[in-house]
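Here is a short briefing to read with the model open beside you. Take it topic by topic, and look up each residue as you meet it.

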Amino acid sequence: MLGKTAGGLYWMFRGLERAENTARLIEAGFRIALTRSTDPASDWRSVIVTSAQQAAFEARYDAYTSQNVSNFLLRDPMNPSSVLSVIKSARDNARLVRTALTTEVWVAVNETWMVLTDLLGHTIPDAELPQTLEAIRQQSALVRGALYGTMLRNDVYNFCRLGTFVERADSTARIVDVKYHALLPSPAYVGSRMDNVQWEMILRSVSAHRSFRHAVQDDYNAANITEFLILDPRFPRSLAFCAQRITENLEALQIEYGDESPSLNAARALQSRITDRDIASIFDEGLHEFISQTIIDVAATGSTIEKQYRFTS
Amino acid sequence: MLISVSHQTTYTYEAPVSYALQRIRLQPCNSALQTVRNWSIDVEGGTLETRYADHHGNQVGLICAEKGAQSLKISVGGEVETNDLSGILGKVYGRAPLWYFQQPTALTEAGPLLSDLADTVSGYANELEQFHALSTAILDKVPWVLNETHSETTAEEAVGQASGVCQDHANIFVAAARRLGKPARYVSGYLFMEGRINQDASHAWAEVHIGDLGWVGFDVSNGISPDERYVRLAIGRDAHDAAPVSGLRMGEGDESLIVSLQVQQ
Amino acid sequence: MAENTPFFDEMRRASGVRMPYEDYSTWFDKQDVARLAQKSEEAERFFRRTGITFNVYGQEDAEERLIPFDLVPRILSNSEWTKLARGVEQRVRAINAFLHDIYNRQEILRAGVVPRSLIASNDAFLPQMMDFTPPGGVYTHIVGTDIVRTGENEFYVLEDNARTPSGVSYMLENRETMLQMFPELFSQIKVQRVSDYPKNLRASLEASAPPNCEGRPFVVVLTPGIHNSAYYEHSFLADQMGVELVEGHDLRILDGRIAVRTTRGYRTVDVIYRRVDDAFLDPLSFNPQSMLGVPGIMDIYRSGSITIANAPGTGVSDDKAIYSYMPEIVEFYTGEKAILKNVETHRCSEPDSLAYVLENLSELVVKEVHGSGGYGMLVGPAASKEEIETFRQKLKARPANYIAQPTLSLSTVPIFTEKGLAPRHVDLRPFALVSPGEINIVPGGLTRVALTEGSLVVNSSQGGGTKDTWVLES
């Protein structure tokens, strides 16, 4: 396979994952601002902070309103991370690697781009926001379904999956990082409105507000939530789950290519820090330090993949 | 005359180079004027990827710098036996037809200044005399001055600024000769100079195709036709076509070039 | 529908439906028009969804457009096609011989058959190709010959596209679409297959591999990138051939060969089907600003270690000034009279012709010698007085830049409209594949149709559409 093709697949799926994550984040913010909030501006700020784009937002908008935030995150062409920008670039990448994709995957991505370009072509009133976010989620499920259902399980597939899980690991780690103060077990917060709102925000932004309740029969507290987000191998957005998938896909590539794999070494190192331990030892290490290091490790694994598989010359 | 040449071209890169190519025309060929006794090409910091004959019959090499190289050194040299035929190469033709050498190029397009210059020698009946007169007229109008022109200076520009080096003289000569209706071409090569073994640059002159004689050389800068002190390297329609080294580089930072050239007997 | 127009309608004559269309006409008459209209819309949605689009030049964030597809096929009988194919083959053989001659001994110039000035002043003549023979001796691996028809047995070549002809993906997609929409038609009417084209293209490219190629030749398609107007076709052809689609920056020189960057290192490439124009092919040899090409590829080419399809410099054989000499060129190299006719062409560089052209502008089509895509031309009969006068000035200023031809009465084929069938003007571009010692032409080609009533301009950039082209088995 061409190095450029591998890169195109990887970035295409990073883009699709990012669009989905952004939609999820807005959904969480919208839900809380609407139903729970006494201070919507601060909740919307929290959404922007979680997306790690505070500076870029404040440079372009003067107030934290639902309109501004959804504009910025969903359809602002000047924001390279807006859903519209990211979907366009994912579709450009899909065109670039067209010959590596099945018709089903290509058509799904092309349609996603057509549907969302149309949907995000105008300002979205609050009343339409839920349907818009639903469409983003649906389109993204369509692409994933086509990928699962039609693609050969070979190196092409592995690079798609690597893009998905590197992006997802980064996203989950950043959400934990931005909110780590709310996730530290601290008696000061217990029972306050503050931590409940924060926790719901966090769980909703990773679509886990229901699965958490099912998976974790125990208390609704900071340590449990943190453990779920970082260590739970059942939860498809946890760091442990992502690290496991990154390793698996790199193993498959190593077997197919038979070459020495520095990326696999990096991924195994990342994985070993996240599995076979309990949350207490992470709190001992320092949650903030742990997460900062994880973000660095994920990025390093990503760039090792890019280099090893010659995405660019 | 047996001329011995040692010619090093060294590029030093400010930042390690990611990809760089150099196309070299540094291999003299046998002709009535010269016989190559021995000649070698060595490359440090890169690889000679391929060699071939180009559309003018020049022996060309393509060099690729090693990834991460900080310098590329191209060393060529050897011995060439030369004959004094008063610059007459004769009726020797490659595939490129004579009309092709009557076509102007971007570097040798004749503007008003060049046309005026060519017109001053339009009255000669004898072609050899005419082109010697052209050579003299060019040197009068455009005296040899170092560093006022560069590799992209056109013949017309060099006439306009009234200064140039051998490259400009040769470009002007071929442009004017074509203006006078004759096939003409640019020649790059080496010149042996008594008492000046170490030189700063290779040399250039021109050839014009004259009815009965075939190709005849004119070295404007020195006001003569080439003799046994001249070694021909490459020909072309202008300085670009016959450039001993031309290249392209990808990567950050500047590059610097050092040329070391010894021509001796 | 108007059956007594001065134009030759390929389906219906005053005397009735022409033979090749008989079965189709019977089938069509039984169809429900509303159902066909729905099918037509379905086809458009399908093209849009699958991204069968072309980009429009010169626009920021270039818009992607569909080339309209018409569901009525253009049908040729087997005997009509056989004659056309022989004519195309003859012409393509002559073009390759001409190119080899022009870049080597130039006998045709010495013989005075083609004036030297046409080559000397031609920007498409690449000196870098002189004194060189491409691997296998093939210059134009792919040629698209534009043919128009004016009567029962009147076929004319309008243009030889010998550089990087496009449109073949539409030929293949149109057939695929017809098969999807009307499978029953193809069981009733036996149509010759076009689906072998990608396989033939690959075989043809492989057959022209350089002599130092080891094992099965490694073929790639070189595209300028996703923003190129024909990108869809580039990816389609790579996909259909099962070869890699690359851009210039994926390639480099390694061990004296061209190599492509893969996930496991560099791999030698033997044949490049390039869809990048000559000027951008090698910044070391041509336009130094080009980011689309492969620096040094011409050096590897002249060393005989890579095949470039089509060869650089083939454009010297297909401009409109050379075109006017094509009957002489065919005869010079093949010793035969040209099977396909040339349109009478007035070279405005010649004073007598210029005078004639200026006198008769309102009846002629005037084209730029190096123009393409229907841009920069004057269609006299359709032009206003002002347009003619403006063009007259341009013509006077640079006569050698133009040729003029009589306005041809292009044949029509019906298109499907809400009001039923309506005749529209068409042309035909068959695609010839050249490999050493063999020329292969897939039966059919791309039929382009001027969708506007009365229009003679079929170019997709100017509101043209396409049709499936059928060559009947018998």
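Chain C has 474 residues and a radius of gyration of 23 Å, which agrees with the value near 23 Å for a compact globule of that length. That radius is taken over C-alpha atoms, and the globule rule is 2.2 Å times the number of residues to the power 0.38. This is a predicted model, in which local features need pLDDT of at least 70 and side-chain atom pairs count only at pLDDT 80 or more, while totals for chains, interfaces and linings use all residues. Residues are numbered from 1 along each chain as its sequence is written, chains are lettered from A and ligands numbered from 1 in the order in which they are written, and side-chain values use heavy atoms, with hydrogens and water left out.

**Chain C as a whole**

- Along the principal axes, the C-alpha atoms of chain C fill a box of roughly 65 × 55 × 50 Å.
- Chain C contains 15 helices and 25 strands; helices (H or I, at least four residues) and strands (E, at least two) are DSSP runs, numbered from the N terminus.
- In chain C, 62% of the 474 residues count as buried; buried means under 20% relative accessible area, exposed means over 50%, and partly exposed is in between (1.4 Å probe, protein chains only).
- The accessible surface of chain C is about 18,500 Å², and 47% of it belongs to carbon and sulfur atoms; such areas come from the Shrake-Rupley method with a 1.4 Å probe, and for residues only the protein chains shown count as cover.
- Take the contacts in chain C between residues at least 6 apart in sequence: 69% of them join residues at least 24 apart. Contact means heavy atoms within 4.5 Å.

**How the chains meet**

- Two pairs of chains are in contact, and chains A and C share the most contacts.
- Leu2(A), Arg95(A) and Thr99(A) supply 29% of the area that chain A buries against chain C, more than any other three residues.
- Chain B and chain C bury about 2,200 Å² between them, and 61% of this is on carbon and sulfur atoms.
- On the chain B side, His55(B), Arg95(B) and Trp99(B) supply 33% of the area buried against chain C, more than any other three residues.
- Chain A and chain B are joined by no contact, and their closest C-alpha atoms lie 9 Å apart.

**Aromatic rings**

- Over all chains there are 36 aromatic pairs. Rings of Phe, Tyr and Trp (its six-membered ring) pair if their centres lie within 6.5 Å; planes under 30 degrees apart count as stacked, over 60 as edge-to-face and the rest as tilted.
- Phe165(A) and Phe241(A) have ring centres 6.0 Å apart and planes at 55°, so the pair is tilted.
- This pair links distant parts of chain A, 76 residues apart: Phe165(A) is in helix H8 (residues 155-178) and Phe241(A) in helix H13 (residues 239-257).
- Phe165(A) is buried at 3% relative accessibility, and Phe241(A) is buried at 14%.
- Phe131(B) and Phe173(B) also form a tilted pair, with 5.9 Å from centre to centre and 50° between the planes.
- Phe131(B) lies in helix H2 (residues 127-141) and Phe173(B) in helix H4 (residues 166-179) of chain B, so the pair ties together parts that are 42 residues apart in sequence.
- Phe131(B) is buried at 0% relative accessible area, and Phe173(B) is buried at 0%.
- One aromatic cluster is formed by Tyr10(A), Trp11(A), Phe159(A), Tyr257(A), Tyr309(A) and Phe311(A).

**Charges over rings**

- Arg245(A) lies over the face of Phe241(A), 4.0 Å from the ring centre. A charge sits over a ring if NZ of Lys or CZ of Arg is within 6 Å of the ring centre and within 35 degrees of the ring normal.
- Lys341(C) has its charged end over the ring of Tyr156(C), 5.3 Å from the centre.

**Backbone details**

- Most residues other than glycine have a negative phi, and most peptide bonds are trans.
- The peptide bond from Ala309(C) to Asn310(C) is cis, with omega near -10°.
- Ser86(B) is not a glycine, yet has a positive phi of about 55°; Ser86(B) is partly exposed at 46% relative accessibility.

Methods:
Buried area = accessible area lost by both parts, 1.4 Å probe.
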